[in-house]
Amino acid sequence: GRRRRPRRQQQQQQQQEKGGLVTPTTETLYSALMSVCERNGKPAKALELYEQAKKEGVGDRPEVANAAIHACGAVGDWGRALAILEDLRTPDVVAFTAAMAALKGGPGGRRRPADAAE
């Protein structure tokens, strides 16, 4: 049998077939903004956006949480990365991979936990 798609996905496909633009979801917007911040050297801003997303009720969505975990890795805050991972209802491979990178200390293992003593 044919698999049923979620209603939102069906509406988006119908919109595309009619030549209309697809309206991104709130979680997609947060995820994209957070990724842009993190990739442009502003991971702290990405984490501020994550807090905002949580207030709007989308912080536990995988794409938002994954972007936040990546940002934690960039600032070396592995404790926060693990807390976000624990808050996810159904963590995916991206979340676990990002959390492992944060535990390692970020890209190349150069960073340390933000609260570590010098």
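This is a predicted model: local features need pLDDT of at least 70, side-chain atom pairs count only at pLDDT 80 or more; totals for chains, interfaces and linings use all residues.
Accessible areas come from the Shrake-Rupley method with a 1.4 Å probe.

**View 1**
The protein chain has six helices and zero strands. Read from the N terminus, its elements go α-α-α-α-α-α. Its accessible surface comes to about 8,000 Å², and carbon and sulfur atoms account for 52% of that. Of the 118 residues in the protein chain, 31% are buried. Take the contacts in the chain with a separation of 6 or more: 55% of them join residues 24 or more positions apart.

**View 1. Ile 69 meets a set of alanines.**
Set aside its neighbours within four places in sequence. Ile 69 is then in contact with Ala 81, Ile 84, Leu 85, Ala 95, Ala 98, Ala 99 and Ala 102.

**View 2. Helix H2 has a buried side.**
H2 covers residues 26–39, which makes 14 residues. From its first C-alpha to its last, H2 reaches 20 Å, close to the 20 Å expected at 1.5 Å a residue. Its buried residues are Glu 27, Tyr 30, Ser 31, Met 34, Ser 35 and Cys 37. They lie on the same side of H2 because they cover an arc of only 160 degrees around the axis. An α-helix has 3.6 residues a turn, so residues three or four places apart point the same way. The buried residues of H2 pack against helix H3 (43–55) and H4. After H2 comes Gly 41, with a positive phi near 80 degrees.

**View 3. Ser 31 is a buried residue of H2.**
Ser 31 lies in helix H2. Its relative accessibility is 14%, so Ser 31 counts as buried; the cut-off is under 20%. Not counting residues up to four places away in sequence, Ser 31 touches Glu 63, Val 64 and Ala 67.

**View 4. Helix H6 buries four alanines.**
H6 has 12 residues, 93–104. It reaches 16 Å from its first C-alpha to its last, close to the 16 Å expected at 1.5 Å a residue. Ala 95, Ala 98, Ala 99 and Ala 102 are buried in H6. Helix H4 (62–75) and helix H5 (78–87) are included in what covers the buried residues of H6. The face turned away from the buried side carries Val 93, Met 100 and Lys 104, which are exposed.

**View 5. Asn 66 makes a polar contact with Asp 92.**
Asn 66 is in helix H4. Asn 66 counts as buried because its relative accessibility is 7%. The side chains of Asn 66 and Asp 92 are joined by a polar contact of 3.4 Å. Leave aside neighbours within four places in sequence. Asn 66 is then in contact with Leu 88, Asp 92, Val 94, Ala 95 and Ala 98. Ala 95 and Ala 98 are among the buried residues of H6.

Technical notes
Residues are numbered from 1 along each chain as its sequence is written. Side-chain values use heavy atoms; hydrogens and water are left out. Helices (H or I, at least four residues) and strands (E, at least two) are DSSP runs, numbered from the N terminus. The expected span of a helix is 1.5 Å times one less than its number of residues. Buried means under 20% relative accessible area, exposed over 50%, partly exposed in between (1.4 Å probe, protein chains only). Contact means heavy atoms within 4.5 Å. A polar contact is a pair of N or O atoms within 3.5 Å; within protein, one must be able to donate a hydrogen and the other to accept it, and residues adjacent in sequence count only if both atoms are side-chain atoms. The arc is that of the directions from the helix axis to the C-beta atoms.
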